[in-house]
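I opened this notebook to keep track of what I looked up, one topic at a time. The entries follow the order in which I went through the structure.

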Amino acid sequence: MNKTVTFRIWRGDAKGGEFVNYTTEITEGLVVLDVIHKIQATQANDMACRWNCKAGKCGSCSAEINGIPKLMCMTRMDTLNTDKIITVEPMRAFPSIRDLVTDVSWNFRVKTKIKKFNPRKPDAADGTWRMMQEDVDRVQEFRKCIECFLCQDVCHVLRDHHKHDEFIGPRFLVYTAALEMHPLDTEDRLPELKQSQGIGFCNITKCCTKVCPEHITITDNAIIPLKERVVDEYYDPLGWLWKKIRPQG
Amino acid sequence: MATNYETHEYDVLVIGAGGAGLRAAIEASAAGVKVGLICKSLLGKAHTVMAEGGMAAAMGNVDDRDSWKVHFADTMRGGQYVNNWRMAELHAKEAPQRVHELEAWGAVFDRTKEGKISQRNFGGHRYPRLAHVGDRTGLELIRTLQDHGIHQGISVHMEYTIVSLLKDGDRVVGAFGYDRERGRFRIFKAKAVVVCTGGLGRAYAVTSNSWEGTGDGVSLAYHAGAELLDMEFIQFHPTGMIWPPSVKGILVTESVRGEGGVLRNKDGKRFMYDDVPENYKSQTSTDPEEGWRYTQNDKNAKRPPELLTRDHVARCINREVKAGRGSPHGGVFLDIAWIKEKIPNSAEHIKKKIPSMYHQFMQLANLDITKEPMEVGPTTHYAMGGIRVNGETQATNIPGLFAAGECAAGLHGANRLGGNSLSDLIVFGKRAGEYAAKYAKENSAGKINDAQIEAAYKEAIEPFERPAGGGSEGPYQVQYDLQNMMQANVGIVRLQNEMEFALAGIEKLKARAAKVAVQGHLEYNPGWHTAIDLKHLLTISEAITLCSIDRKESRGGHFREDFPNKDPEAQKYNSVISKSADGSMKLRREPIPAMREDLKQVIEEMK
């Protein structure tokens, strides 16, 4: 069944921009990204939009649809009220490049500052390790992340308070949690988490968990356990005393 | 003048940042040379993320009868013996080490009960062989390489497109391209260049490939003088989504069948039992009960016919649809929900084993695969052919130019087995990085030729200078027309006259592409990028069509209705494409070198 819809799309770049309305016809079974592509091919050849897999696996087409951070490729048109104008704008927590494309390079820089995976010695003579499935389930949940950065976009510490220099955001707390909870890893990342990476800024509003397209329970499973580890390490008076007086070596 | 462009200098430049490119970059930087890495998209978004099922490596964790010999024989049988046997040997021998290496870099594979890396069944593999992480193994691979690679001192250039390889005499000495964000052109000087640009599915209308899969590397290498091999062998994956229309072509992983999913026509019949090829009969069950046991890792059971090789399954689906026995939207049914008869909490089991398929259908088609069957049909998935390389070093016939991964040819012959792609990336990505670094250490930097750069620049920005209207058109319509033509005429079932029609059509489209006009600016302009990709799409389409017309038999991914059988004589050669002095594309048949005696014996033993 064909239907006419109007998209209100933000067009512009770092210097500024405006919303432009595009009216087009849609057929059954489309997602928002299809409609963007149709407008691009027929009305606005130069409209910038980042996308790759169109199957919710690469995390490239993040945008704000009617104000909610989502993947355009996984938002079916029949989940939106097409009688009203549909607003599509870029992620607002990152600088604009053009139209729907934002500069997410900060995320890539943050990741390089987190200490890399550092495994214990192999368990078997042939250089391999043994891990039980139940011990890796949690880490596998975190490793589902497709780096769409929607959690970073919605996080008020970044979006509203612009703490990009002091806080790494939910994506990289999940990344750190995956490393810290990896059964083979021997590294300690708690000092940075507490200081330069600013885990204390998160006040667990869980907005990140709500927008995660991979349904990772970011706050409960990753951030809160990391906060607990930091608290145990630095703010537990009995633990502090024990570390001072325990026999060394 | 060329001096106006910012220049980056590297020892090794890797073009493409999927599994093969990342692995090559890691290996080269570990060898102590300066490495640049070009990503067409953002780092970690390459099409490798779409790989679902797993990576094949004969570790023998689930079935200790497995060994490199069985893997080698399976790969050759699947490729119908036109593979580069040396590559198939190295691949089978080295894949286990490469997988273990990933674990050392932080990959978290699914486990066996003993805590080892688990392995699953897949089409054409005799034993459970695919290391996997649910059905998102490609994401695990690319993220592991990415997270390891960013600490290696590799210079990463994201969202760059290469428009031309630069040459000094016969040798490749760099590349010229632009950044998508701003449209600024850059020179990349390099002592060695590794092309790892992946696939070319975008030459077809129905494909599992993303917009990036336009065969850039194959075309760049060809225009720089490299030979292409076996371009007729295109894999049409049997199970792509077909409904709703917007998702047509998106992959439905073979793991659905590996975990017990079955194919049925509209009459509910498991049609795969009707047609089992002779050379697979001894390995294939005739009893559905035995087939089910096979998917549940019963070592004594034979595989169900749904797990025959992809080329065969795709053709059987095609046949059912053409005979009017298809599903409502022109495919067949793939049913995993039926396993509720066998497993008590089957819904949870399915969500655990193939979670992203569950979400993909739930979100895109509003269909619960734990309750209802999916509708699926063939989709253009993978190019077995590509740049011709030396099996050990991944060097092309052009000094300084290497290639690995999907854009390189040889390993898979006429048909790739599922799971052999991810292992291909890490085995030959590593080798390409190693030998490119060696080449860079042994050779000094070449000279960059300004005239070449200016010509490439002029060609790239020409679409802006053509006035809109007056005989010119936008790039999208040309692209659509090419895709539809290739789909209809050089697709899953091929005929001489249709392919000749396509070959003539390509010439007409070339003329249209030369007049394409784009508007706007250089910054992140998708219309312009599409115009640039057209050259690559047309080049590879011509190569595919030429090779397909020439091979007068059916083998693997190349099926001809007018020559439906295999010709034993045609098993003795590969198709080789090269660019002649006058710029035209020429094709020759080249004999396949005789296989080493010990490998022949392996194949005999495994029959």
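**Conventions.** I noted before anything else that this is a predicted model, in which local features need pLDDT of at least 70 and side-chain atom pairs count only at pLDDT 80 or more, while totals for chains, interfaces and linings use all residues. Residues are numbered from 1 along each chain as its sequence is written, and chains are lettered from A and ligands numbered from 1 in the order in which they are written.

**Overall form.** For the 607 residues of chain B a compact globule would come near 25 Å, and the chain has 23 Å, which agrees. Its C-alpha atoms fill a box of roughly 70 × 55 × 50 Å along the principal axes. I then checked burial, where a residue is buried if 20 or more other C-beta atoms lie within 10 Å of its own, exposed if 12 or fewer, and partly exposed in between, with C-beta atoms placed from the backbone; buried residues make up 61% of chain B.

**Helices and strands.** Chain B has 16 helices and 18 strands, where helices (H or I, at least four residues) and strands (E, at least two) are DSSP runs numbered from the N terminus.

**A four-stranded sheet.** I found an open sheet in chain B with the strand order 11-14-13-12 and antiparallel pairing; two strands pair if DSSP finds at least two bridges between them. Strand 11 (234-241) and strand 12 (262-264) of chain B stand at the edges with a single partner strand each, so one side of each has no neighbour in the sheet. Strand 12 of chain B is joined to strand 13 (residues 332-335) of chain B by three bridges, and Leu263(B) has Leu334(B) as its bridge partner in strand 13.

**Helix 2.** In helix 2 (residues 68-78) of chain B, nine of the eleven residues are buried, so the helix is largely enclosed by the rest of the structure. The cover over these buried residues includes strand 3 (55-56), helix 3, helix 11 (420-442) and helix 16 (597-605) of chain B.

**Helix 15.** Helix 15 of chain B covers residues 526-550, and I asked myself where it bends. The bend, of about 30°, is at Asp533(B), taken as the angle between axes fitted to the seven residues ending there and the seven starting there. Of the 25 residues of helix 15 of chain B, 22 are buried, so this helix too is largely enclosed by the rest of the structure.

**The side facing chain A.** Counting two residues as in contact if their C-beta atoms, placed from the backbone, lie within 7 Å, I noted that 49 residues of chain B are in contact with 45 residues of chain A. Helix 3 (85-104), helix 4 (137-149), helix 10 (355-365) and helix 15 of chain B each supply at least two residues of that side, and helix 4 of chain B gives the most, with four residues.

**Gly36(B).** This residue is found in strand 2 (residues 35-38) of chain B, and it counts as buried because it has 25 C-beta neighbours inside 10 Å. Leaving out residues up to four places away in sequence, Gly36(B) touches several residues, including His8(B), Tyr10(B), His157(B) and Phe188(B).

Notes:
Rg over C-alpha atoms; globule rule 2.2 N^0.38 Å. Expected span 1.5 Å × (residues − 1).
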